[in-house]
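Take a look at the fold below. Let your eye follow the chain from end to end, then read on.

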Amino acid sequence: MEMELDDRKKKILYAIIKTYLETGEPVGSRTISKYADLKLSSATIRNEMSDLEEMGYILQPHTSAGRIPSDRGYRFYVDQLMEEKEREITETRELMIQKQDKMDLILKQLAKYLAADTNYATMVTTPQYHRIKLKFIQLSMMNESQLLAVIVAEGNVVKNKMLHIEHGLDNETLLKLNILLNTSLNGLTMEEINLGTIARMKEQAGIHSGLIGDVLDAVAEAIQMDEDMEVYTSGATNIFKYPELADSTRASELISAFEEKQQLVDLVESIQDESNTGIQVYIGNETPVQTMKDCSVVTTTYELGEGMKGTIGIIGPKRMDYDKVVNTLKTLTTQLDTIFKKEEGR
């Protein structure tokens with residue numbers, strides 16, 4: 001049976017991690033003994049550090065007398081941090097509001113701001129619609145041969161589409177088609193509109209089955225947002241500031257990932273597939289992208305209106321300042337919706 005960490009081991013592990021995060025150097029028992037709240041001898045600390053190493057929370061690099069945290073040690077620290085750091089955010093970050101009218105300019109500014117603020121590499125994706133639901137369809141006659149389809153979906157998405165009519169429509173038939181479309185489709189995502197539903201609607205529409213097909217194509221355009229995800233990055237060269245990431249092979253692979261961006265898209269998509277929301281921390285091998293196995297990646301999802309979500313990510317060494325990064329991301333996610341609303345109102 002695996003040993004649980006008692007309070008003393010937790011305090012020593014916490015002290016090792018905090019010291020290593022600050023210095024980047026292996027931590028010895030003498031350094032830890034200076035922590036005022038421990039009041040333990042170096043010998044006792046050495047014994048506890050030996051136990052922590054045996055349990056897999058710390059590692060002894062090469063022939064150094066000091067220890068560094070393992071992935072498991074970082075995971076313990078992050079889990080503790082996430083539990084303890086649920087506090088009110090009192091500061092607002094006005095720096096990122098640059099009075100830009102367009103969302104992409106705000107997101108580019110946000111990536112730069114985060115990189116400057118944290119000294120790590122950063123990425124911000126444009127928001128995408130996820131499983132957006134149809135809210136309403138309205139067909140209106142424009143003239144004898146043209147019909148206007150107005151499609152309203154979640155997230156204030158409105159799509160207007162002019163449709164050609166092959167067979168004349170009277171007001172009663174138009175009303176019946178509107179009722180048929182709305183009772184069959186409202187509240188569904190594109191994935192939920194199956195072939196059976198489509199076949200039944202076309203059958204009920206009779207000679208106007210072709211028109212139903214045209215409306216469904218317009219619905220797909222409105223709610224199946226399949227445009228390429230845009231990823232804005234900044235601070236990739238911050239990687240060179242951390243010796244453990246700065247050797248030529250690792251650094252060039254990481255820089256390439258930021259330049260080509262496909263791996264970042266893969267990272268975001270794998271996170272979305274896991275249906276993770278809020279702040280997620282991936283340490284070392286937990287990271288879905290191969291080139292980032294020596295890093296820690298912290299991500300969060302931001303939401304703008306119904307069904308519209310984007311991702312913010314910070315990539316740095318395993319000894320990143322998790323406390324600051326988590327609090328910064330919490331601050332941003334509480335403010336982004338307000339910021340975008342301000343920009344829309346200009």
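This is a predicted model: local features need pLDDT of at least 70, side-chain atom pairs count only at pLDDT 80 or more; totals for chains, interfaces and linings use all residues.

Residues are numbered from 1 along each chain as its sequence is written, and side-chain values use heavy atoms, with hydrogens and water left out.

Start with the whole chain. The protein chain has eleven helices and eleven strands. These elements are DSSP runs, numbered from the N terminus: helices are H or I with at least four residues, and strands are E with at least two. The chain holds 346 residues, and 46% of them are buried. Buried means under 20% relative accessible area, exposed means over 50%, and partly exposed lies in between (1.4 Å probe, protein chains only). Now consider contacts, which are heavy atoms within 4.5 Å. Of the contacts between residues at least 6 apart in sequence, 63% join residues at least 24 apart.

Next, find helix α7, residues 195-205. Thr-197, Met-201 and Ala-205 are buried there. Seen down the axis of α7, its buried residues fall within an arc of 65 degrees, so they line one face of the helix. The arc is that of the directions from the helix axis to the C-beta atoms. Leu-195 and Glu-203, on the other side of α7, are exposed. Look at the two ends as well. At the start of α7, a side-chain oxygen of Asn-194 comes to within 3.2 Å of the backbone nitrogen of Gly-196. This is a polar contact: a pair of N or O atoms within 3.5 Å; within protein, one must be able to donate a hydrogen and the other to accept it, and residues adjacent in sequence count only if both atoms are side-chain atoms. After α7 comes Gly-206, with a positive phi near 60 degrees.

Helix α6, residues 171-185, contains Asn-178. Is Asn-178 buried or exposed? Asn-178 has a relative accessible area of 10%, so it counts as buried. Which residues does Asn-178 touch, leaving out those up to four places away in sequence? They are Ile-137, Gln-138 and Leu-139. Ile-137 is 41 residues from Asn-178 in sequence, yet their C-alpha atoms are 7.1 Å apart in space. The side chain of Asn-178 also reaches the backbone nitrogen of Leu-139, at 2.8 Å.

Two loop residues come next. Asn-119 sits in the loop between α5 (103-118) and β3 (121-125). Its phi is near 70 degrees, a positive value in a residue other than glycine. Asn-119 is partly exposed, at 34% relative accessibility. Lys-261 lies in the loop between α9 (248-260) and α10 (262-273). The phi of Lys-261 is near 70 degrees, again positive in a residue other than glycine. Lys-261 is partly exposed, with a relative accessible area of 26%.

A search of the whole structure finds one cavity of 30 Å³ or more. A cavity is a set of points on a 1 Å grid over the protein atoms alone where a 1.4 Å probe fits but cannot get out, and lining residues have an atom within 4 Å of a point. The largest cavity has a volume of about 30 Å³. Volume here is the space filled by probe spheres set on the points, which are joined across faces, edges and corners. Asn-119 is among the lining residues, as are Tyr-120 and Asn-238. Strand β11 (residues 308-317) gives the largest share of the lining, three residues.

How values were computed. On a 1 Å grid over the protein atoms alone, a cavity is a set of points where a 1.4 Å probe fits but cannot get out, and a pocket is an open set with protein on both sides within 12 Å along at least five of seven lines; lining residues have an atom within 4 Å of a point.
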